[in-house]
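Please view the sequence and the structure below before reading on.

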Amino acid sequence: MPVPRSHAPLRLPHVVCSLILLVLLAGCGAGGFAGTEMSGAATEQARIKGVPGPPGAAASAGAPRGWSSLPSAPAASPQPTELPGLGPKTRAAVPATARQAFVVTGDSVDSNRSTAVLYTRDGPAGPGWRATLGPWPAHNALNGWTGEHWEGDLRSPIGVFTLTAAGGRLVPPDTALPYDLSPDFRVTGEGFHGEPLEGSFDYVVAIDYNRLPGTSPLDHTRPLGEERGGGIWVHVDHGGPTQGCVSVTEDRMKELLGALDPAMEPVIVMGDAESLGR
């Protein structure tokens with residue numbers, strides 16, 4: 001608060017005046033008050049909706065209000081981060097060259113509800129994975145998850161699979177993935193809860209389970225055999241569980257299509273939380 005002026009002129013010894021001048025000069029050279037600037041990395045993380053950036057620098061305890069303390073040493077570089085929620089076995093299955101990972105985590109092995117987050121990293125050596133989209137609510141298969149998927153079991157396969165192609169009935173947003181625009185993606189009928197399926201395949205991303213990577217999602221080649229199922233996609237959510245796919249809302253499908261980049265060798269990591277934690 002302002003200090004009232006004294007009627008008598010204030011006289012300070014020359015030594016005290018010199019010390020005050022040195023302190024003021026040192027404060028300007030150190031960057032002034034804390035919290036006025038953010039590094040490029042912090043700014044980038046702060047732009048991501050729902051994903052907090054790194055904590056700001058706090059003034060040291062006991063410092064007068066309104067003043068920042070001078071740092072005693074440069075801040076340490078952030079350590080590379082692993083994909084959260086994954087155990088050593090699952091992490092080992094993620095290719096070292098992959099720089100995008102769409103992690104879909106089921107509530108439990110028998111649940112058809114899950115959470116999806118897209119993680120990105122700048123390179124295999126770091127600075128580590130960061131969330132770039134999500135978390136989003138998602139659906140998976142009616143009966144939950146399985147480590148050994150078979151046709152008709154109504155479970156989504158657990159594992160790490162590449163994402164190499166997309167398609168749909170509608171013209172896509174800007175996407176770098178190969179995209180098969182075809183009326184054959186039309187679907188009719190009702191879901192398990194009586195909800196209409198129309199529009200579910202307007203946008204899809206093929207999950208490379210029991211299929212030839214890079215081909216259209218409509219390709220029916222099954223390298224493991226027809227009995228092991230196939231046609232496992234990420235597609236538009238219809239408001240209920242799927243037969244084996246993963247689904248998110250239409251606006252989020254558009255975001256995902258716009259974000260996935262073949263040059264970053266994207267993968268999907270999918271399964272219930274307990275299985276992914278192994």
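## Two residues in their surroundings

Glu255 counts as partly exposed because its relative accessibility is 38%, a value that falls between the limits of 20% for buried and 50% for exposed. The model in which this residue is described is a predicted one. Glu255 belongs to helix α4, which spans residues 250-259. Leaving aside residues up to four places away in sequence, Glu255 touches Leu133 and Trp136. Asp174 is 81 residues from Glu255 in sequence, yet the two C-alpha atoms are 9.5 Å apart in space.

His149 is found in a loop, between strands β4 (145-146) and β5 (156-157). His149 counts as buried because its relative accessibility is 5%, which is under the 20% limit. Its side chain makes a polar contact of 3.1 Å with the side chain of Asp153. When residues up to four places away in sequence are not counted, His149 touches Arg155, Pro157, Tyr209, Arg228, Gly229 and Ile232.

The table sets out the accessibility of both residues.

| Residue | Relative accessibility | Class |
|---|---|---|
| Glu255 | 38% | partly exposed |
| His149 | 5% | buried |

The chain has 278 residues, of which 36% count as buried. Of the contacts between residues at least 6 apart in sequence, 62% join residues at least 24 apart.

Technical notes: Residues numbered from 1 in each chain as written. Predicted model: local features only at pLDDT ≥ 70, side-chain atom pairs only at ≥ 80, totals over all residues. Heavy atoms only, no water. Helix = DSSP H or I, 4+ residues; strand = E, 2+ residues; numbered from the N terminus. Buried < 20%, exposed > 50% of the residue type's maximum accessible area, 1.4 Å probe, protein only. Contact = heavy atoms within 4.5 Å. Polar contact = N/O pair within 3.5 Å; in protein donor to acceptor, adjacent residues only side chain to side chain.
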